[in-house]
Each structure stands twice: as structure tokens, then as C-alpha cells.
Amino acid sequence: MQPEARGILVPDELLTEDAPLSVGGIQPDREEPKSGLRRLLGNKWFLRAVFYGAVAVAWQVTAVVKGTFFLPTIPATLRGLVEIFTEGYAAELLGTMQQLVVGLLLALLVAIPLGALMGRFRFVEDLLAPYVNTLFVTSKESLLPIIIVAVGIGFWYRTWVVILFAVFFPIINTAAGVRYVDKELREAARAFGTRPWRMFTRVYLPASAPFVVAGVRLGFGMAMKGMVIAELWVLRGTGRLLEQFSSSPRRLDLYYALVLLIVAIAVTTNEVLKWVERRLRPASRVLGRE
Amino acid sequence: MQGTVEVRGVNKKFPKQAGDGDLQVLNDVSFSLEAGTFACLVGPSGCGKSTLLRIIDGLMPPDSGEVEIAGDRVRAPSLDRGFVFQQFNLLPWRTVMGNVEFGLENLGVEKSERRRRAEEIIKLVDLDGFERYYPAQLSGGMQQRVGLARALAIEPSILLMDEPFGSVDDQTRMLLQDELLKIWEKSQKTVIFVTHDIEEALFLGDLIVVMCARPSRISRILEVPFGRPRTDEIRGTPEMGRLKQEIWEELRSGATVEG
């Protein structure tokens, strides 16, 4: 009985969402002899290259035709990217990100335990769910003025906005993750003498970890959004730069470069958290079973 | 006294899914087992045998009546009892090794000792080489070996098994039955084994507790005449056929009581 003969081990690179699951080596039906064109159309990297290439060409053509007052050319934007770093604008963005991280961490510090309690105890859920759900669907932007009234426009203003934007997804996701921990698993853990606290650390936490990380990921996206809005509102940090680059003297090359940088940070963090989430999902450690 | 089981006048009702009234799941159930007995609870599905097993373990309280194990009244699950579930119920984020060590962690067994004991048990259930696999990477039969190993690792005096081989294929089931007997014959634990498969009960048990549904009650307790150690040959004997027939008649007459 060799391990290889009885289990199916699957390398992680096959587990990206791009790869369709194949169980037991059975591939979805496909017509075998494929023409060159069909093979190209089946290749997502080819499709993406064509599509985004077309977008880039359209951008460049528009910039040239309409003039750089409305849209910077691609080379200008790339030069702007360099300038962001050489002229010290990147430091401003870094400061913004640092503050965002502080706000996000504070939000998670509240959200994860609160969500866990809501998922675990019915009375906490009954007590807090209406409040959480109401704020969740409320436009957080509408609360900016009263936050300014309450705490001014300094460090706490931006921190509060980030918390307000970021806090709800981790609460709701953690609560859902904890609530739906398999009844059978809880029973098994109980049968093996698991006491309440260990039940929490050894069963609830690992079982809901992928949900929690998904909540963190969504919360991060909201934090980015909240931060930019908060700064645009009071013209601080990166928000001030965005406003400055889009007004006189107008520097749309820098503006676009800065936006691209913000997007790049958001996308990278999102992908990293997605990867963590996948790693924590036990089912993702395998494809099939016998 | 260790390993004795005494079930006295246990009643249990569940609220009905729809409508009013309760469903009587267990009606005045009493029986006792000597230490080292391999007892099989046989009955149709819905007769409350899994519920009874959970009450014996302490996972569920009876409405009235009591269970005493080794002279002590059962109030909660204990690490002196090992439970094997029909759907395995392994922790999917733990490896085979991690699952087998689970109960030992709750017992407070120190890490190196834990590892040593888990390795030993994993070998006993024929899973060596799979220590680092996750449950989802294993077949149903192998997962249940892990379930059995998890229960054996805590060295319980009583093993409670809830249709443990009910969700594996026939060949695997027979194989697992043989192996369970081998392990049991060495350890002589008290086993309460729930099944709806009459032949399985006869092949494994010393004692068969026949349960009927609605109202759920014990209709008969009979001793199995086969000697030990048991081999696959007894599966085909006329005696096996006769006993299967006898228990089947019992179950059927129980079913007609309901009308």
C-alpha cells in the first residue's frame, strides 16, 4: 500500500481558479484536432494580450487626438510614474497607506471578535445584527461631515473613516463563518472532550479561517475606498495630490500615474489575501477523492 | 467495574418537525453490558439507535432514566469513551496524524508521547505512510480508519460506534469488520456498535440488542453463539442464515405492531 497509489496529491499550481477541476485525471470533453485559431482563442493570455492591447491603443489614440489636456499619453503616464517616485510624491502615498493599515487593524481588532461572538451566540447576533446591517447598507460617505465635526480633520478623522468603511465585511463574514461550522464537527470535538475555549481555538477558528480572511480582503478593499474618499474630502495626503494634479497646473500624467499606483497596491494586496484564503481552505488541498 | 454499561429506563422525545406533539424516540430502554462485551444495536433506521448511542456517550441528555458507566452516572462526554461516527467527522484542516492526536491533546498528553502513541495506532489501523495526508485525500474506508484510530488513541475502556461502516462499499466494509475484530480481540474493550445490517451485527457481536421503531423500544436481546476468534467462514454457515432469519422476523413483527 503505497501512499501514491491510494490518495491523490495535487500541486497547488493546479488549484488556481483558472484551472478547471479535473477529478481522477478525467478532462472535460474537447474536440481533439484543433485549428491554430481555435487554440489561440482558447488561450486566455492571448485573449488578454489582444484585448488590453486594444484598450492601450485606444487610450493612446484618444490622447493624441483629443490632446493631453484631457488624457495623457501612455509614455507621459509612464514618465509620470517615475516622477511620482523621484519628486517625493510616493512618500505621501506611503503615509496614506500607513494610516490605512492602522485604521484597518483597529477595524479588524473589533470586527473579528465581534463577528465571532455574533456567529457563536444567538443573543449577541439578535442584539447587534440590526445595527450592523443598517450601517452596512448605509452610505458611509454621508457620515463624513459628522466625523469631521466630532474629531476634526487630523489623524483620527482618516482613521475613523477607514474603520467605518472596513469594519463591516469582516464582522459579517466572520459571523457567517463561525455560524456555519459543521454541527457534526462540533459534536465530534465534544465527544473527544473538547472544552469551550479549546473548541473555539481548535474548531471554530480553523473552520472559519477562510471566511475571516475573505472578510479581511473585502474590508481592505473598502478601506482603500474610504481612505481615498476621506482624503479627497479634506484634501490631505494622497487626496490632496489627486486634487492638485487634476487642477491647475493640470498634471494629468502624474494624476494617472498616481491612480495606477493606487490600483496596483489594491490589486496586489487583494491577490495576496486571496492566496492566503485559498491556502486556508482544506478542500483546496486536494482535488478528488477515490 | 471498568467498562460496564448500565442503561436504565431511558426515555427521549424530539419535537416533531411539523405540527404539534413529540416524537417518542426512545421508550423505556434498559439493558446492561458486562465489561469487554461486543454489543450490537440493530434496528431499522429511525428507531433511535444513534440517539441511544449519543445518550450513552453523554453527547445528549435523556429526558428521563439514566446511564451508568463503570458505576458512574453519565452527564457529559468523557475521554474514557471513544466515539466513531458514521460520517467520520474528521477535522478537514488536520492531517491524519493531527486527527489521531486530537483527543490526546484534550487529555493533556505531552507532545512527544502524543506523537508516539498516534504513530502506533496509525500503524495498528494500517495507515502508516499516510500520516501527513488530509482527510479529503483519502477514500471513505481510509477516513474511517482514521476515525477509528482517533477513538483508539485515547485508550478508552468503551468504544461507541455509530454505523461506522455504513458509508463504505461492501468489500471495504468486510475488510474493516475483520480488522476491527482483530483489534478488539487484542484489547477486549467494551464495544457498542450500531448497525442496521443484521449480518454485520452477527459477525461482530457477542450480544445483539434488537430495537423496534415507533414506539422505539428494545424488543429482544440475544447472545450470538459463534466462538472467537471469528473468521469469514461463519458468514456462509447455515447457523448464520438461521439467525439472520430469526432477527429479521423479530424486526418485522416489531414493524407490524405499528399497524
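**Ground rules.** I count two strands as paired if DSSP finds at least two bridges between them. Helices (H or I, at least four residues) and strands (E, at least two) are DSSP runs, numbered from the N terminus. This is a predicted model, in which local features need pLDDT of at least 70 and side-chain atom pairs count only at pLDDT 80 or more, while totals for chains, interfaces and linings use all residues. Residues are numbered from 1 along each chain as its sequence is written, with chains lettered from A and ligands numbered from 1 in the order in which they are written.

**Entry 1, the sheet in chain B.** I began with the strands and found an open sheet of four, in the order β2-β1-β4-β5 of chain B, with antiparallel pairing. Its edge strands are β2 (22-33) and β5, each pairing on one side only. A reminder to myself: strands of a sheet pair through backbone hydrogen bonds, either parallel or antiparallel.

I then followed the bridges. Five of them hold β1(B) (residues 5-15) and β4(B) (residues 64-69) in the antiparallel sense. B:Asn11 sits opposite B:Ser64, and B:Glu6 has B:Glu68 as its bridge partner in β4(B). Which residue of β5(B) is the bridge partner of B:Glu68? I found B:Arg73 there. β4(B) and β5(B) (residues 72-73) run antiparallel and are joined by two bridges. Two residues lie between the strands of this hairpin, where B:Ala70 takes a positive phi near 50 degrees.

I checked the span of α3(B) (residues 111-124): its 14 residues reach 20 Å from first C-alpha to last, close to the 20 Å expected at 1.5 Å a residue (the expected span is 1.5 Å times one less than the number of residues). For burial I call a residue buried if 20 or more other C-beta atoms lie within 10 Å of its own, exposed if 12 or fewer, and partly exposed in between, with C-beta atoms placed from the backbone. In α3(B), B:Arg114, B:Ala118, B:Ile121 and B:Ile122 are buried. Seen down the axis, the buried residues fall within an arc of 100 degrees, so they line one face of the helix (the arc is that of the directions from the helix axis to the C-beta atoms). On the face turned away from that side I noted the exposed B:Ser112, B:Glu113 and B:Arg116.

What do the buried residues of α3(B) pack against? They pack against α2 (96-107) and α4 (140-153) of chain B, a contact being two C-beta atoms, placed from the backbone, within 7 Å. Just after the helix, B:Asp126 takes a positive phi of about 70 degrees.

A nonpolar core is a set of buried Ala, Val, Leu, Ile, Met, Phe, Trp, Tyr and Cys residues joined through C-beta atoms within 7 Å. The largest has 119 residues, and those with the most contacts inside it are A:Val162, A:Ala223, B:Ile56 and B:Ala149. Its largest share, 15 residues, comes from α11(A).

I looked up B:Ala149 too: beyond its neighbours within four places in sequence, its contacts include B:Ile121 and B:Ile122.

Of the 290 residues in chain A, 29% are buried. Buried residues of α12(A) (residues 237-246) include A:Leu241 and A:Phe245, and the buried residues of this helix pack against α5 (89-120), α11 (196-234) and α13 (252-280) of chain A.
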